[in-house]
Each structure stands twice: as C-alpha cells, then as structure tokens.
Amino acid sequence: MAAKEPRESGGFPTLRVTGPVRRLVLVLGDQLDAAAAPLRVLDRSHDAVAMFEVAEEATHVPSHKQRTALFLAAMRHFALDRHRAGCRVHYIPLDDAENTHALGSELERAVRALRPETVVCTQPGEWRVRQALERAAERAGVALEMRPDEHFLTDLAEFDRWMAGRRRPVLEHFYRWQRRRLDVLLSSDGSPVGGAWNFDAENRRAFRNAPQPPPPYAPRPDAITRAVLELVERRFADHPGRLAGFRWPVTRAAARRALADFVRHRLPLFGTYQDAMWAGAPFLYHSLLSAPLNLKLLNPRECVAAALAAYESGAAPLNSVEGFVRQVIGWREFIRGLYWHAGPEYGRRNELDQHGHLPEFYWTGDTEMVCLRECLGQVLEYGYGHHIQRLMVTGNFALLAGVHPRHISDWYLAMYVDAVDWVTLPNTLGMVMHADGGLVGTKPYAASGRYIQRMSNYCSSCRFNPAQRVGDDACPFTTFYWDFLLRYARWFRGNRRMALIVKNAQAIPAAERRAIQQRAQHLRAELGVSTGAA
Ligand code: SF4
C-alpha cells in the first residue's frame, strides 16, 4: 500500500503506489494546484495521486523543447511536493520502460494496477484530452468524476448563462460584467474607478525613448529541472526551439516570486507600453505570468489582488493596473468560456475558406522580413511572444497570406510555453484568423506594415518599405493587406468596422489593384503558402 522507496534520478525519486486504492486523483500537467477540488478531498490513507508524462502530449503538435521541458519540470516538482506533503503519488516518467505514451492508455494501465473505485480529476483544458480520458475510463470500466476547474473566476454554467440570448458576444460587455460581478476597480456608486472602463488611449505608446526595465526574474534550473532539460534535448532533438534560454518558474514559490517581480518592476509602465515591439527586447514591461497561470502555479485571484494593491498603495497607475486586470478577468476568462461554449467542432471552422500552408520560416525564423525574424527568433529562443507580436505580426501575416486556420493554430499550440488548447484555439482561430465568423472578434485584426512601423523599430532595418504595396521593395504585409481587403471585399462590405477600409481598397485604380493581386500571388508561391482564396 505504501509508496515505493524513492530512488533518486536527477534529484527526482521514483514515486509508485502499489495495491488497491479507493480514489485515484489524476493530475494533468496544466493542473498543478494543490488546492484544486480533487486534491482537497484526497484521503491520504486510501487515495492516490496519479501523474503521467507521455510523449503524445509533446508530439500531437511538435512541441517547442521549452514548452515540453516546462510542463515536465513543473509536474515533477509538483509530484515531489505532494509526496513530501504525505500524499501517495503514482508518477510515470517519460523514460519508464512500460510507458505507453498516451494519457488514455496510461490511465487504463494505472486503473488495472491500482484498481480504484473511482478516478477523479479536474476538467482538462482541451476537448481532445477530455474525450480521451472519458473513453479510457469507459474501456477500463471505472467511474470518472470530472470536477469543474475552480482556478477560473467564471464557472462554465455561469458563462453559458451570460451567453444566452446574445447573438454575438462582445469582450467589452463581458469585461464590464466581470468588473461589476467581481467588484473590481469600482467606485462606491458602481461606476468604474477613474471614470472609464479602459484607458487604451494611454496604452499605445511606442517604446522609443522609454526607460529599460530591469531583466525579469528568471529562476536558475535546479537538479530536477536540469535533468528534464537533458531528457527533452535527448528525446525531442528534432523538435523546434532551443533550451539554453529556459527561464520559466516551475514551482509555486518561483511563480509567486515572478508575480512580485512583475508588480514591482514592470507593472507601473505595463499599460503605457503594452502594444510596443522593439528589436532585441523580447519582454519589455510584460508580466510573463501566462505560463505559471496556465499551469495553475498561480491563481488569477492573487494576480489581480497584487495589481490592485499596487494601485491602492500608489505604486502603479490606473492605466497599467486596469490593462493587466482586463487581461486576467476579461480576456482570459472570455476566451476560455467561448472555447467550451463553442464545442469540440469549433476547431474545424474556416469561415474565410483559407487553405494555404504555413511558410517553413515559422519553424526556423529564417526570413528577410525583420519583424517576423525578430518575433520568430524570440519564440525559438524563449517560447515566448507578447500579445501584440502574436496578434499583429505572426498572426496577422498568416491571416493576410491566406494560411489555413488550423495550421497556424497548431503552430501556436506547439511553440509557446503557455499554450493550452482552451486559450490557443479561440485566440488564433477566432481572434487572429477570424475563422469562426466573428464569434471571438467582430472584425479581423488585419493590418499593413504601417502598423508594425508605428509600433516598433523593426522596419528601420528591413529591406522592405512598409508604405509600398507593389514593387520588389513593397512590404509583404502591406501587399497582402490590400490583397486581403480586395479578396474579401464582398465578405466585409457589410461589417460596420470594415466598410470604410474596404471601400478604400476598391477605390484603388484597377491597374494597381491587379498589380497588388499579382504580387500577392507571386509572394504566396515564393513563400510556399500557395492559396485557397475566397
Ligand atoms: Fe515587417 Fe514590412 Fe516592417 Fe519589414 S517593412 S519589418 S516586413 S512590416
């Protein structure tokens, strides 16, 4: 019945449970919260915690080495922490000789070995995993209880009630509803603190002449993490990304320290520069908290509380605090609610009927477009990009060039350390690619090279000209942007937020319109996108 004697391997012991258990509490790699509902009810004498490292989670999309390393290192630290807290932990490492390398078959194997009456887990963050576990439990003939994920601030039934009767959900409406419901940044009369719900107008400054923030806190990998880094390098040698720049918190203590570091050093100017991009400055004033939040090492409530405390003490201004709070209680919860509300078929939507391939340089960063080279280089180095780089550079290019939404969604899922399907899919397929017909956003975030020029210094060292839409020096973003508007003129003519710009595109003289479309076609062929235009 007891856990086997630990044998150390890279600082991580063998953790196995033998004999029958009453409840088997399954903990997935993005559920590392010791206070989660299934772990709160754990009976340490009769129940056991099960955790599986399986290759399928790193290969169903070719996961960036740092993303895989982050999940595995955080899982091992969490398992050891639970073991030390007196829980019986059944942990199957990646290099276990009998590992079947899929979550479903590992669950079946654990059920056969430990003969639990019930398997309990928190609802997974992905339809694919949820369905795999349900099928595995059925095959194994064991009851599976999935508990709601209490990490989030909005219960899914509550979100569905908010959605009821809305033809089109609008993030801003949801955000205001959240502010009121959660009583965040409200005056005593219920109006928003500062007299406005957002301060976006103050939050669009370019980085030029801004003070450099100190380097963000980056925990030094301990023996367990170092062993995982070696394992990932060996096992997933051909996967994208580099491990040398691994800098992510893998324990709750380190995640708490990362939160404090952000609030103290970067939150005060976070809002002002949140849309800025700058060559060689990957982190700017961003929080870098999405990875520990999505692994559940941090709770959104404590992040919001820390930001509000900084505002109340005068350490951070309202435009920054409101901007951060909006991401946590607004955008993050909205996206997650929509993911589950839309159902498992959501991932197949392709309303703009785009079918192009993802250019090869997304995996290598090898392109002469400086903005993409910078953003992709950063992703390969750290598995990280901030929201404007994701939306307006890597995402915008895929949208304009005509890449199939699933190809770019899978790339996002593979390449960012904070990627879990509930966040990546609606954010990419919906917000970036507009492939859900406007469920997540009322218009696509299409922009020409001019936007990138305004918000960054990338264009100053690029061989292309962001103001030019035809000719050899024309910025590919700018060519593709006008081509996109022409391709989808009929589609977006009736969209209030797009009508004017579509009219401008149609007013371009016919000869130039043809030149734009020819150059776009040529670029697509050259970049290996080819096309499936509307
Ligand atoms: Fe990117 Fe175009 Fe600017 Fe070059 S000119 S950096 S391709 S936006």
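Me: Which exposed residues does the face of H23 turned away from its buried side carry?

Reply: H23 is a helix of residues 510-527; helices (H or I, at least four residues) and strands (E, at least two) are DSSP runs, numbered from the N terminus. Buried means under 20% relative accessible area, exposed over 50%, and partly exposed in between, with a 1.4 Å probe and protein chains only. The exposed residues on the face turned away from the buried side of H23 are Ala511, Arg514, Gln518, Gln521, Ala525 and Glu526.

Me: What kind of model is this, and what is left out of its side-chain values?

Reply: This is a predicted model, in which local features need pLDDT of at least 70, side-chain atom pairs count only at pLDDT 80 or more, and totals for chains, interfaces and linings use all residues. Residues are numbered from 1 along each chain as its sequence is written, and side-chain values use heavy atoms, leaving out hydrogens and water.

Me: Within what arc do the buried residues of H23 fall?

Reply: The buried residues of H23 are Ile516, Arg519, Ala520, Leu523, Arg524 and Leu527. The arc is that of the directions from the helix axis to the C-beta atoms. Seen down the axis of H23, the buried residues line one face of the helix, because they fall within an arc of 140 degrees.

Me: Which helices are included in what covers the buried residues of H23?

Reply: Contact means heavy atoms within 4.5 Å. What covers the buried residues of H23 includes helix H14 (361-364), helix H16 (387-401) and helix H20 (476-487).

Me: Which helices do the buried residues of H20 pack against?

Reply: H20 is largely enclosed by the rest of the structure, because 12 of its 12 residues are buried. These include Phe477, Tyr481 and Trp482. The buried residues of H20 pack against helix H15 (370-382), H16, H19, helix H21 (489-492), helix H22 (499-506) and H23.

Me: Which residues touch the most other members of the largest nonpolar core?

Reply: A nonpolar core is a set of buried Ala, Val, Leu, Ile, Met, Phe, Trp, Tyr and Cys residues joined through side-chain atoms within 4.5 Å. The largest core has 157 residues, and helix H13 (residues 318-342) gives the most to it, with 11 residues. Apart from it lies another core, of 22 residues, including Val21 and Ile92. In the largest core, the residues that touch the most other members are Leu267, Tyr362, Leu372, Phe397 and Phe477.

Me: How many bridges join strand S6 to strand S7?

Reply: Two strands pair if DSSP finds at least two bridges between them. Valine 120 of S6 (residues 118-122) stands opposite glutamate 145 in S7, and threonine 118 stands opposite alanine 143 in S7. S6 and S7 (residues 143-147) run parallel, and the number of bridges joining them is 5.

Me: What is the phi of leucine 284?

Reply: Most residues other than glycine have a negative phi. Leucine 284 lies in the loop between helix H10 (267-270) and helix H11 (290-294), and it is buried, with a relative accessible area of 5%. Although leucine 284 is not a glycine, its phi is positive, at about 45 degrees.

Me: What is the relative accessible area of aspartate 353?

Reply: Aspartate 353 is found in the loop between H13 and H14. Its phi is also positive, near 55 degrees. Aspartate 353 is partly exposed, and its relative accessible area is 38%.

Technical notes
Expected span 1.5 Å × (residues − 1).
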